[in-house]
Amino acid sequence: MRILPLLCALLLLVLQGAAGLSRTQGSPQECERRGGFCSHRLCPPGIGRVGICSEQDFCCRSRWYP
């Protein structure tokens, strides 16, 4: 029964580490730095999604960007 507190402590450490890996919001400046542009809801045909600008805007960039 001595292992139970050790397992609880290990579980707590794992859950705290996973909380830092949550998806963060991007920004239009970060999108432009990547060579993209912000588009509402969908990227135009032939353009790939490379990130997010806000809750409803995606960062889009041409697939042929160097």
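These are my notebook entries on what I looked up in this structure.

**Entry 1: ground rules**

I am working with a predicted model, where local features need pLDDT of at least 70, side-chain atom pairs count only at pLDDT 80 or more, and totals for chains, interfaces and linings use all residues. Residues are numbered from 1 along each chain as its sequence is written, and side-chain values use heavy atoms, with hydrogens and water left out.

**Entry 2: the overall layout**

I looked up the secondary structure. The chain has two helices and three strands. Helices (H or I, at least four residues) and strands (E, at least two) are DSSP runs, numbered from the N terminus. Along the sequence, I read the pattern α-α-β-β-β.

Next I checked burial. Of the 66 residues in the chain, 15% are buried. Buried means under 20% relative accessible area, exposed means over 50%, and partly exposed lies in between (1.4 Å probe, protein chains only). The accessible surface of the chain is about 5,700 Å², and carbon and sulfur atoms own 62% of that surface. These areas come from the Shrake-Rupley method with a 1.4 Å probe; for residues, only the protein chains shown count as cover.

I also looked at contacts (heavy atoms within 4.5 Å). Among those between residues at least 6 apart in sequence, 27% join residues at least 24 apart.

**Entry 3: the disulfides**

How many disulfides does a search of the whole structure find? It finds three. A disulfide here is a pair of cysteine sulfur atoms within 2.5 Å. I numbered the bonded cysteines in sequence order and got the pairing 1-5, 2-4, 3-6.

I took C31 and C59 first. Their sulfur atoms sit 2.0 Å apart. The S-S torsion is about 90°, so this disulfide is right-handed. The pair links distant parts of the chain: C31 is in helix α2 (residues 28-33) and C59 is in strand β3 (residues 57-62), 28 residues apart. Both C31 and C59 are buried.

I then turned to C38 and C53. Their disulfide has an S to S distance of 2.0 Å. The torsion about the S-S bond is about -90°, so this link is left-handed. C38 lies in strand β1 (residues 37-40) and C53 in the loop between β2 (47-52) and β3, so the pair ties together parts 15 residues apart in sequence. Is C38 buried or partly exposed? C38 counts as partly exposed, because its relative accessibility is 36%. C53 is buried, with a relative accessible area of 5%.

The S-S torsion is -85°, and the link is left-handed. C43 sits in the loop between β1 and β2, and C60 sits in strand β3, 17 residues away. C60 is buried at 0% relative accessible area.

**Entry 4: a salt bridge**

Side chains of opposite charge can pair when their charged atoms come close. I searched the whole structure for salt bridges and found one. The term means a side-chain nitrogen of Lys or Arg within 4 Å of a carboxyl oxygen of Asp or Glu. Which residue pairs with E30? The partner is R33, with the closest N and O atoms 2.6 Å apart. Both lie in helix α2, three residues apart, about one turn of the helix. E30 is partly exposed at 34% relative accessible area, and R33 is exposed at 61%.

**Entry 5: R34**

I found R34 in the loop between α2 and β1. R34 is partly exposed, at 36% relative accessibility. R34 and G51 are 17 residues apart in sequence and 9.3 Å apart in space, C-alpha to C-alpha.
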